Amino acid sequence: MSSLYLSEDLDVVDPDDEVEVIGAEARHAVTVGRARPGEVLAIGNGRGMLVRGTVISADPSRLLLRAESVERAPSPSPRFVLVQALAKGDRDELAVQAATELGVDVVIPWAAQRSVSRWDAQKAAKGRDRWAMIAREATKQSIRPWLPVVEPVVTTRRLAELAAGSRMLLLEPTAEMPLTGLDLAGNPEDLVVVVGPEGGIAPEELELLVAAGATAVRLGSSVLRTSTAGPAALSVLNASLGRW
C-alpha cells in the first residue's frame, strides 16, 4: 500500500464496510494514480482516521473500497506550528511541503518586515489556498492521518499575541541557545517555530517577539535557507519528543 486519498466526509467506518471516494479525488485516483480493482489503498479524512482496504470498483466518478482495517490516530500533543515568513520564488512553498511530511499541525504565513514577497487581500486568499493545496498533497504522499491547517497570513504584532499562549521558538543564527539545548519534555503548549525570510528576522521583530515571551534559538553553526530551517527544526523536535 503506497497511496493515500482524502475524503473529508468519512466519519464512522468499521472493518468490512464499503467506503467510497467521489469527485475530484476519485478522478485523480483512477486517471492519475491508476487505481484498479484488487489494489490496496488507504483513505483518510484528514482528522485522524486512516482506512486501509482493497479496491472493489474504480471509476473516474466513484472509487469503492472494502475496508480491512481502521486506524484512529489521536490529535498530536503538543501541536507543531510553523510560522513561515513569505519568501520569494517557491521557497516558502517548499518549506510547507517538507514541514507537512515531517508532522507539522498548523502552518501560518507571516508577512515579515524583510519579506520580499507581499500578499495583498487578493493574493492572501490565493496564497493561503495554494499553501493548503501543497499541504494536502504532502499529507497524501506521506500517508499522514492528520491534515495540517493553514491559517490566514499574520503580522508581527499578531505573532506577539500568539507568543503569549504558546512555546514560541525563533530560529535565529546568532542566538546563544541551541534548539537541542531546550528541555521540551512535558510541555503541554503548542510548539511554534518561527522562520524568517531570506534576510532573516529584523532586530525590531526579534525584540518585540522576545519581549512577548518567545525564545531565540539556533540550528548549528551554519545559516540555513528559509525553505530548510523550519523542516530542520521540526526534525529536531520530533527526535526530542520521542516521535521518531
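Which residues lie nearest the centre of the largest pocket? In this predicted model, they are Leu171, Pro173, Val223, Leu224 and Ala229, which belong to a lining of 21 residues. The volume of the largest pocket is about 330 Å³. By class, its lining comprises 10 nonpolar, six polar and five charged residues.

Two helix pairs were examined for packing. Helix H2, spanning residues 91-101, packs against helix H3, spanning residues 121-142, at an angle of about 35°, and the two axes are 8 Å apart. The crossing of H2 and H3 is right-handed. On the H2 side, the contact is formed by Asp92, Glu93, Val96, Gln97, Thr100 and Glu101. H3 contributes Arg130, Trp131, Ile134, Ala135, Ala138, Thr139, Gln141 and Ser142. Sorted by class, the residues in the contact of H2 with H3 are five nonpolar, five polar and four charged.

The second pair consists of helix H4 (residues 156-163) and helix H5 (residues 203-211), whose axes come within 8 Å and cross at roughly 25°. Because angles under 35 degrees count as roughly parallel, H4 is described as roughly parallel to H5. The handedness of the H4 and H5 crossing is right-handed. Thr156, Arg157, Leu159 and Ala160 of H4 meet Glu205, Leu208 and Leu209 of H5 in this contact. The contact of H4 with H5 contains four nonpolar residues, one polar residue and two charged residues.

Notes: Residues are numbered from 1 along each chain as its sequence is written. This is a predicted model: local features need pLDDT of at least 70, side-chain atom pairs count only at pLDDT 80 or more; totals for chains, interfaces and linings use all residues. Side-chain values use heavy atoms; hydrogens and water are left out. Axes are lines fitted to C-alpha atoms, for helices over the stretch in contact, and angles run from 0 to 180 degrees between N-to-C directions. Helices (H or I, at least four residues) and strands (E, at least two) are DSSP runs, numbered from the N terminus. Angles under 35 degrees count as roughly parallel, over 145 as roughly antiparallel, 65 to 115 as roughly perpendicular and the rest as oblique. A crossing is left-handed if the near helix is turned anticlockwise from the far one by less than a right angle, and right-handed if clockwise. Contact means heavy atoms within 4.5 Å. Ala, Val, Leu, Ile, Met, Phe, Trp, Tyr, Cys and Pro count as nonpolar, Asp, Glu, Lys and Arg as charged, and the others, Gly among them, as polar. On a 1 Å grid over the protein atoms alone, a cavity is a set of points where a 1.4 Å probe fits but cannot get out, and a pocket is an open set with protein on both sides within 12 Å along at least five of seven lines; lining residues have an atom within 4 Å of a point. Grid points are joined across faces, edges and corners, and a volume is the space filled by probe spheres set on the points.
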